[in-house]
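Please keep the sequence and the model in view while reading.

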Amino acid sequence: MDDTADEIELSRMLSGALGRVVQAASSLESELRTVAAALLDTKYAAVVVAGQPANWLLDTIQAVAKVHDRVSEQSLLELQGVSTRIKKALEGRNRLAHGVWGTDSDGSVVSHTSRYRRIHWEKTPVTLTGLQELASEMLTLTTSLHLWVMNALPPEASSNEVQLRWEDYLRSLPPEELLALVQRRLNGTP
């Protein structure tokens, strides 16, 4: 292969790996919404957390967990550790997904990002391994956050976010479909 073909293949692989980072970040943000809603302890939390950015969700989770009567000191310490890792992973995602990719003077791929009210760009190396590790870390953090909420709060708390959506869905069904759904549930079939 010539240099151009190598560059195209590298670009394709890096783009695919960035896509996996974005997908993993989406899963992490979804779990952040679930945890925030669980801590807020109402089905209406779904409205509060909908569309909120990840940093807002994480800040809300930390603030509510500190005062929540069911979150133990040990659980709070665990959350703080996971939260620190989440912030770092989200910053990495932002630098890579929102930066301008280019080639450095040595031929390596870098992402240039600007910071609030700063004139100098920050350079972040873009490597296949780095992107894969970031995606893996985000998926690990999603699982850690899920396990945290399952251990810190009663099991039913995790359903707060979906409860209001489920009720809305049921109200949208025509009467005959709602009756058929109820029948299937009574018969134990999906």
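Helix H4 (73-98) gives the lining of the largest pocket its largest share, six residues. The model is a predicted one, in which local features need pLDDT of at least 70 and side-chain atom pairs count only at pLDDT 80 or more, while totals for chains, interfaces and linings use all residues. Residues are numbered from 1 along each chain as its sequence is written, and side-chain values use heavy atoms, with hydrogens and water left out. Helices (H or I, at least four residues) and strands (E, at least two) are DSSP runs numbered from the N terminus.

The volume of the largest pocket is about 290 Å³. A pocket here is an open set of points on a 1 Å grid over the protein atoms alone, where a 1.4 Å probe fits, with protein on both sides within 12 Å along at least five of seven lines; lining residues have an atom within 4 Å of a point. The volume is the space filled by probe spheres set on the points, which are joined across faces, edges and corners. Among the 15 lining residues, Lys88, Gly92, Arg95, Gly130 and Leu134 are the closest to the centre of this pocket. Strand S3 (122-125) and helix H5 (128-152), like H4, each supply at least two residues of the lining.

The sheet comes next. It is open and contains three strands in the order S1-S2-S3, with antiparallel pairing. Strand S1 (100-103) and S3 stand at the edges with a single partner strand each, so one side of each has no neighbour in the sheet. From one strand to the next, the twist averages 35 degrees. Strands count as paired if DSSP finds at least two bridges between them; strand S2 (residues 109-113) and S3 pair over four bridges. Val110 stands opposite Pro125 in S3.

Two helices can be checked for length, the expected span being 1.5 Å times one less than the number of residues. Helix H3 (residues 54-67) has 14 residues and should span 20 Å, which agrees with the 20 Å between its end C-alpha atoms. Several residues of H3 are buried, including Leu57, Leu58, Ile61 and Val64, where buried means under 20% relative accessible area, exposed over 50% and partly exposed in between (1.4 Å probe, protein chains only). Helix H7 (residues 175-187) reaches 18 Å over 13 residues, close to the 18 Å expected. Gly188 follows H7 and has a positive phi, near 80 degrees.

Finally, Asp41 lies in the loop between helix H1 (3-40) and helix H2 (45-49). Asp41 is exposed, with a relative accessible area of 55%.

Definitions and conventions
Axes are lines fitted to C-alpha atoms, for helices over the stretch in contact, and angles run from 0 to 180 degrees between N-to-C directions.
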